[in-house]
Amino acid sequence: MEPGEATNIHFEDIVMNDVQNPVLIDQMYCPYNQCPSKDAPSKVKISDITFKNIKGTTTTPIAVQLSCSTGLPCEKVELADIDLVYSGSEGPAKSECTNVKPTITGKLSPAGC
């Protein structure tokens, strides 16, 4: 079976107010634990994705999470001028990136990736 593709997707000029997972790519998503194999890599190739000028607050401590597949790592992902503050009590906001090396321009808060 040929892999699918998600490309040329851009999120710009968005204000988040108490949002869960405001900046998210999750190729490991498995709703209700119904997947045949949780460790199976995604068959969707993700590329040319931009998150630009995203500001506001998050209710989850991981504000930026890019979890890409080992089999088809994400390509050409850009994070530009991200300013998100965690509104909870579990410490400062965090970023996590797996199997992706995003291009970071301007401010990235929370830092990471």
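Student: Happy to start with a definition: under what relative accessible area is a residue called buried?

Tutor: Good place to begin, and keep in mind that this is a predicted model. A residue with over 50% relative accessible area is exposed, and partly exposed residues fall in between. Buried means a relative accessible area under 20%.

Student: Thanks! What percentage of the residues in the protein chain do buried residues make up?

Tutor: The protein chain has 113 residues. Of these, the share that is buried comes to 33%.

Student: How are the rings of F11 and F51 arranged: stacked or edge-to-face?

Tutor: Searching the whole structure turns up one aromatic pair. Its ring centres, those of F11 and F51, are 5.1 Å apart. Their planes meet at 10°, and planes under 30 degrees apart count as stacked. So the pair is stacked.

Student: Nice. How many residues apart in sequence are the parts that this pair ties together?

Tutor: F11 sits in strand β1, residues 4-19. F51 belongs to strand β3, residues 44-58. The pair therefore ties together parts whose separation in sequence is 40 residues.

Conventions: Residues numbered from 1 in each chain as written. Predicted model: local features only at pLDDT ≥ 70, side-chain atom pairs only at ≥ 80, totals over all residues. Heavy atoms only, no water. Phe/Tyr/Trp six-rings, centres within 6.5 Å; stacked < 30°, edge-to-face > 60°. Helix = DSSP H or I, 4+ residues; strand = E, 2+ residues; numbered from the N terminus. Buried < 20%, exposed > 50% of the residue type's maximum accessible area, 1.4 Å probe, protein only.
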